[in-house]
Amino acid sequence: MTVDGRVWAKEGPGLGRTRQKPLPGLVQAMLPQPAVCGQRWRLATSVAVDFVVVMTNFAALSHLRLLLEFAIRRNWPAFLRPWSFPISAVGPLLLQGALLTLLGYSEGLYRAEMMRAPREERFIVAKVVTWSTLLVGMAIHFGIDEISMAAVLAGAPLNYLGMLGWREWRRQAAASADHGRGERNVLIVGGGKLAHEVADYFEQHRALGCVVRGFVVEEGPTGGDVLGRVEDLAQVARAEFVDEVILAMPERRDLAREAIREARRSRLDVKIVPDLFGFEPQAPAFENLGSVPVLTLYEEPIPALGLFLKRVVDVVGSAAGLVGLAPVLAAIALVIKLDSAGPVFYRAPRVGKKGRKFLCYKFRTMVTNADQLKAQLRGCNERQGPCFKIAHDPRITRVGRFLRRYSMDEVPQLLNVLKGEMSLVGPRPHPVDDFEHYDLEDLRRLDVTPGITGLWQVTARRDPSFQRNMALDLEYIESWNLWMDLQILCRTVSAVLEGSGA
């Protein structure tokens, strides 16, 4: 069995002996281990049969090709020579079998419960056969010539039918065996809602071959389907010929541990129903954090491809912009230097994604002591909320006012985009002192990378309401897509040409 990522073997045949020892390190290091205890032989058999299906189908196609060659060309020598499996094709076929089974394992094709879900099984088999065929076909196209593309494509439907066929046979054989040897007796530990939901499920799905013999409970009267208390589990299990114990009593950990010990001493299968607090897992998955098992109930979907393409657009767009506008940037730098004393660039501390601070590059449009004067002008702020803005700010230089009108002061932020600190499109990064006035709900705008332009800039740039600004930023975050970014960029170009900047 597998516990905490280590492989264990049972020690001693005696009843009630559950002490175990780890398998040798070399065995653990060399042999692949399935994730579920007690399923190794079933998994190995399923994988082996799938490999045999692939090989058998290709052999059948090879023989069919000989028959077709004889039927079309009357080639007696080809027809009379011994039918043989082309050894040179073993490598590509092993590659397809490996891809097929690995993809199937990742999709849960070899899980025991898949026998009870034929519809889902058909979909998964189609999926893994399609992808393994496409990948091997690409390998053939780019250099593997021991097997023909036609054979791989023709084998795909045969592999699909063969894999489904033997699984259906196994399902029917298991059902016949269950019918022949009697039903599987189940004892449920617990008497609450979870316990009765499990019992109702088995009652409604009699084809599973599981019969709930009754319940053992923590406390309360016994009788009817309540066969005893937790401490009576061993006696009840023997009297009812129980094969499997299911724990559905999350409220008492000590009693659950006692029930597990008694079930293992009696050599019974043990399963546990976790309390998920009323939530249904979308794609449950177990993982180990050291020795602590963790069940994932839900993972927020991440548009990985869309974000990758957004980053590609950012890198290509910012690099092209910096190169293409290099003469303009040089001219602006010269004009700024001639207009007022001070550096050409202004490196402003800003707050970016997840609250990380970075230096935002801009052409200097204010006097050199603008940051010191800001505190004195705070009372003249024309914006609501934490943002600071004055229409006729006395700190702005003559050239700076022109640059701001056409948003040319923000072009150096293409460097921030190239570095990954900003994006072409996103919520504008706020100064640190504005960030310090955020309310708790305002922090949501920092869930994404800030941008040079955004939805607020092209729809309500002159609106003084910070709440309006926040609402548009959140609307962008919640409904983002690449097409939306493209629309915002086009509207930004129009706004810049009109000189509508502040």
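Hi everyone, let's begin with glutamate 240, which sits in the loop between α8 (233-239) and β7 (244-247). Please keep in mind that this is a predicted model.

Is glutamate 240 buried or exposed, or something in between? With a relative accessibility of 21%, glutamate 240 is classed as partly exposed, because the buried class means under 20%.

Who are its partners? Setting aside residues up to four places away in sequence, glutamate 240 touches Asn185, Arg213 and Leu227. Let me stay with the arginine for a moment. Arginine 213 and glutamate 240 are 27 residues apart along the chain, and their C-alpha atoms are separated by 6.8 Å. Their side chains also make a polar contact, at 3.4 Å.

Now over to glutamine 413, which belongs to helix α14 (residues 413-419). What is its relative accessibility? The value is 0%, so glutamine 413 counts as buried. Again leaving out residues up to four places away in sequence, glutamine 413 touches Cys360, Tyr361, Lys362, Met422, Arg428 and Ile452.

A quick word on cysteines. How many disulfides does the structure hold? The count is zero. As for individual cysteines, cysteine 210 has a relative accessible area of 15% and is therefore buried, while cysteine 490, at 48% relative accessibility, is partly exposed.

That takes us to the interior. As a reminder, nonpolar side chains tend to be buried together in soluble globular proteins. Here the largest nonpolar core has 27 residues, and the ones with the most contacts inside it are Ile336, Phe363, Tyr476 and Ile488. Which elements give two or more residues to this core? They are α11 (326-339), β12 (357-363), α13 (398-405), α14, β13 (423-425), α16 (455-459), α17 (466-478) and α18 (482-498). The largest share is the four residues from α11. You'll recall α14 as the helix where we found glutamine 413.

If you have the model open, do click on phenylalanine 363. Beyond its neighbours within four places in sequence, phenylalanine 363 is in contact with Leu329, Ile332, Ala333, Ile336, Val344, Phe345, Tyr346, Leu403, Met408, Asp409 and Pro412. Ile336, in that list, is also one of the residues with the most contacts inside the largest core.

Finally, apart from this core lies another one, of 17 residues, including Leu43, Val53, Ala151 and Ala156.

Definitions and conventions. Residues are numbered from 1 along each chain as its sequence is written. This is a predicted model: local features need pLDDT of at least 70, side-chain atom pairs count only at pLDDT 80 or more; totals for chains, interfaces and linings use all residues. Side-chain values use heavy atoms; hydrogens and water are left out. Buried means under 20% relative accessible area, exposed over 50%, partly exposed in between (1.4 Å probe, protein chains only). Contact means heavy atoms within 4.5 Å. A polar contact is a pair of N or O atoms within 3.5 Å; within protein, one must be able to donate a hydrogen and the other to accept it, and residues adjacent in sequence count only if both atoms are side-chain atoms. A disulfide is a pair of cysteine sulfur atoms within 2.5 Å. A nonpolar core is a set of buried Ala, Val, Leu, Ile, Met, Phe, Trp, Tyr and Cys residues joined through side-chain atoms within 4.5 Å.
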